[in-house]
Amino acid sequence: MKRKIRLILRYGAALLLALSILAPMLWLFLMSVSSSADLTRIPLEWLPRRWDFSRYGSLLSLQAGQPGALFLHALFNSLLVACGATLFSLLLAIPAAFSFSRYPGRDGWLFASLAIYMVPPVAFVLPLYFILQQLALLNTHIGLALVYCSLILPFLTWMLKNQFDALPIDIEQAARLDGLRQWQVLLRITLPLAKPALGASALFGWLLAWDEFFYALLFTNNIQAQTLPVTIAGFTAGRATDDGLIAAVGILAAIPPLFIAIWLQKTLVSGLTSGGSKG
């Protein structure tokens, strides 16, 4: 009996969590397919009287005068910057995390980087701005990706370090006895074993860059490098705001992270559970 009660409570909690996540997305979708009259009707109705999918067509169109030209360009910018920043951060975080994990006594450097990570981003605005200005990287994809690395790199290093701690060292020691160098052990032994952790870390780092708004707003000034969060905010700047259009933009902006999460689902679950008790 107690087992059935625990099972019911477990599934009930999972259902409640799913509803809390899906309900706002469902309401956002209903807004995106509702006419302006339905959105301003009092009292507000749950379902639109006339389903209107024209906003999605305009957002996916490159015709002049359509919001799609702005939206698709910003979508490309976000994908390019987020993927570039995540890839570069992983290339630096992997050897750093391996060093912190396999060579004790260096945790002070890791904690120092995490402490810097906790500082409010506004404290770094002026130094970063002057650096990008001197390097002629303002309003560029490369400049924004490098700035995002300062956000992603400490987080990925800490996350990967915990995952490397959970891997057996005996295999690495045996490989060293067979004549492999340290970098060969990392590439041939450690990384294949840590593949789930790499996928989970890459996903979280990518999401940090994908959702970032503050630096993208300050270090970009036109559509040449503006990312999707800044462009979405720009849709609300006019006097006559189309709430349905903003809702449609939100739905389309959620599709890339959703597909990536589904693609890396098994890797994400195993990567989060392995080494979860290490710290």
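This is a predicted model: local features need pLDDT of at least 70, side-chain atom pairs count only at pLDDT 80 or more; totals for chains, interfaces and linings use all residues.
Lys-161 and Asp-165 lie 4 residues apart in helix H7 (residues 141-165), a separation of about one helical turn. Helices here are DSSP runs of H or I with at least four residues, strands are runs of E with at least two, and both are numbered from the N terminus. The side chains of Lys-161 and Asp-165 meet in a salt bridge, with 3.0 Å from N to O; the term denotes a side-chain nitrogen of Lys or Arg within 4 Å of a carboxyl oxygen of Asp or Glu. Lys-161 counts as buried at 9% relative accessibility, whereas Asp-165 is partly exposed at 21%.

Residues are numbered from 1 along each chain as its sequence is written, and side-chain values use heavy atoms, with hydrogens and water left out.

The structure holds 2 salt bridges. Asp-38 is buried, with a relative accessible area of 7%, and Arg-41 is partly exposed at 23%.

The protein as a whole has 14 helices and 0 strands. The C-alpha trace spans about 75 × 70 × 30 Å along its principal axes. Of the 279 residues, 39% count as buried. Contacts, defined by heavy atoms within 4.5 Å, were also examined by sequence separation. Among those between residues at least 6 apart in sequence, 71% join residues at least 24 apart. The accessible surface comes to about 16,700 Å², and 70% of this area belongs to carbon and sulfur atoms. Accessible areas come from the Shrake-Rupley method with a 1.4 Å probe; for residues, only the protein chains shown count as cover.

Charge was considered next. Lys and Arg count as positive and Asp and Glu as negative, while His and the chain ends are not counted. The place of a charge is taken as NZ of Lys, CZ of Arg, CG of Asp or CD of Glu. On this basis, the mean positions of the 19 positive and 12 negative charges are 9 Å apart. A positive surface patch is formed by Lys-2, Arg-3, Arg-6 and Arg-10. Patches are made of residues with over 30% relative accessible area and no salt bridge; like charges are joined within 9 Å, and nonpolar side chains (Val, Leu, Ile, Met, Phe, Trp, Tyr) within 5 Å. Arg-10 lies in helix H1 (residues 2-32) and counts as exposed at 59% relative accessibility.

A nonpolar surface patch of about 590 Å² is made by Leu-87, Phe-88, Leu-91, Leu-92, Ile-142 and Leu-146. Helices H4 and H7 each supply at least two residues of this patch, and the largest share, 4 residues, comes from H4. Leu-146 lies in helix H7 and is partly exposed, with a relative accessible area of 40%.

Ser-201 is placed in helix H10 (residues 195-211) and is buried, its relative accessible area being 0%. When neighbours within four places in sequence are left aside, Ser-201 is in contact with Leu-156, Met-159 and Leu-160. Arg-106 belongs to the loop between helix H4 (68-102) and helix H5 (107-118) and is partly exposed at 38%. Arg-106 touches Ser-99 and Phe-100, not counting residues up to four places away in sequence. Between Arg-106 and Met-25 there are 81 residues of sequence separation and 44 Å in space, C-alpha to C-alpha.

Most residues other than glycine have a negative phi. Ala-136, although not a glycine, has a positive phi of about 55 degrees. Asn-139 is found in the loop between H6 and H7 as well, and its phi is near 60 degrees, a positive value in a residue other than glycine. Ala-136 counts as exposed at 62% relative accessibility, whereas Asn-139 counts as buried at 8%.

Notes. Buried means under 20% relative accessible area, exposed over 50%, partly exposed in between (1.4 Å probe, protein chains only).
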